[in-house]
Amino acid sequence: MKELFRTHFPLAILAGLCISIGGTVYLRVGGVAGAVLFAFGLTTVVYYGLKLYTGTAGFIRRHGDWSMLTIVLLGNIVGCLFSALAIRYASPDCIEPAGAILAGRLSKGWLACFLLAIGCGFIMTTAVEFARKGKMLPLLLGVPAFILCGFAHSIADAFYFLTAPVEDLLQPMVLVVYVAEVLGNFVGCNLYRWVAPSK
């Protein structure tokens, strides 16, 4: 466990920072342009071999790796927290749009966010599968696709939620919605290998 933490946690923090860069672009630009530019965060994660929850959940062994996946998720959230604190201080104009994203998730409720997270997880695992084979186009297309569909990416949302106004973040339903997104991403990441026959 200690070795897993030492090897994976720093890489997971860096992955959270990279996703936060994409999230910051989206908060400042929005729309199609913001969705397309968000892809920089994911391509950086893949290029440097960092540990991202949605890039890892679809590739864990059937009877193991749960400790590693938990460490990756926690590291991603820590990276998002560091980024959110920096952005809240240096670019406070990002707080309001982040709050709007959080309010939108809460208005949908946990079940809708769970279902939307499945779509994101499926896209991300598919994109990473291609990227591991040297094909980056699905990654560049997949990121704006999930954003423009309104699908929920649990790590991007960790950054948005942590950047949102504190009074909004402290609502009890935020944790419920977030856990639903994490679980939905996991389902989406594993959807193909659960449904498709083994090769």
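How many disulfides does the structure hold? The structure holds zero disulfides, a disulfide being a pair of cysteine sulfur atoms within 2.5 Å. The model is predicted, so that local features need pLDDT of at least 70 and side-chain atom pairs count only at pLDDT 80 or more, whereas totals for chains, interfaces and linings use all residues. Residues are numbered from 1 along each chain as its sequence is written, and side-chain values use heavy atoms, with hydrogens and water left out. The structure also holds four salt bridges, each defined as a side-chain nitrogen of Lys or Arg within 4 Å of a carboxyl oxygen of Asp or Glu.

- Cys149 is in no disulfide, and the nearest cysteine sulfur, that of Cys120, is 10.0 Å away.
- Cys149 is partly exposed at a relative accessible area of 49%; buried means under 20% relative accessible area, exposed over 50%, and partly exposed in between (1.4 Å probe, protein chains only).
- For Cys189, the closest cysteine sulfur is also in Cys120, at 7.4 Å, which is too far for a bond.
- Cys189 is buried, its relative accessible area being 4%.

**Salt bridges**

- Asp93 and Arg28 form a salt bridge in which the closest N and O atoms are 3.1 Å apart.
- This pair links distant parts of the chain, 65 residues apart: Asp93 is in the loop between helix 4 (66-90) and helix 5 (95-108), and Arg28 is in helix 1. Helices (H or I, at least four residues) and strands (E, at least two) are DSSP runs, numbered from the N terminus.
- Asp93 is partly exposed, with 48% relative accessible area.
- A salt bridge also joins the side chains of Arg105 and Asp157 (2.7 Å, N to O).
- Arg105 and Asp157 belong, with Glu181, to a network of salt bridges.
- Lys133 and Glu129 meet through their side chains in a salt bridge of 3.9 Å, N to O.
- Lys133 counts as exposed at 58% relative accessibility, while Glu129 counts as partly exposed at 33%.

**Surroundings of Thr24**

- Thr24 is placed in helix 1 (residues 2-29) and is buried, with a relative accessible area of 14%.
- Apart from neighbours within four places in sequence, Thr24 is in contact with Ile87, Cys94 and Phe159, where contact means heavy atoms within 4.5 Å.

**Second largest pocket**

- The volume of the second largest pocket is about 270 Å³.
- Of the 15 residues lining this pocket, Leu50, Gly55, Thr56, Val128 and Arg132 are the closest to its centre.
- On a 1 Å grid over the protein atoms alone, a pocket is an open set of points where a 1.4 Å probe fits, with protein on both sides within 12 Å along at least five of seven lines; lining residues have an atom within 4 Å of a point.
- Helix 2 (31-48), helix 3 (53-56) and helix 6 (110-132) each supply at least two residues of the lining, and helix 2 gives the most, with three residues.
- The lining divides into nine nonpolar, three polar and three charged residues; Ala, Val, Leu, Ile, Met, Phe, Trp, Tyr, Cys and Pro count as nonpolar, Asp, Glu, Lys and Arg as charged, and the others, Gly among them, as polar.

Terms used. Grid points are joined across faces, edges and corners, and a volume is the space filled by probe spheres set on the points.
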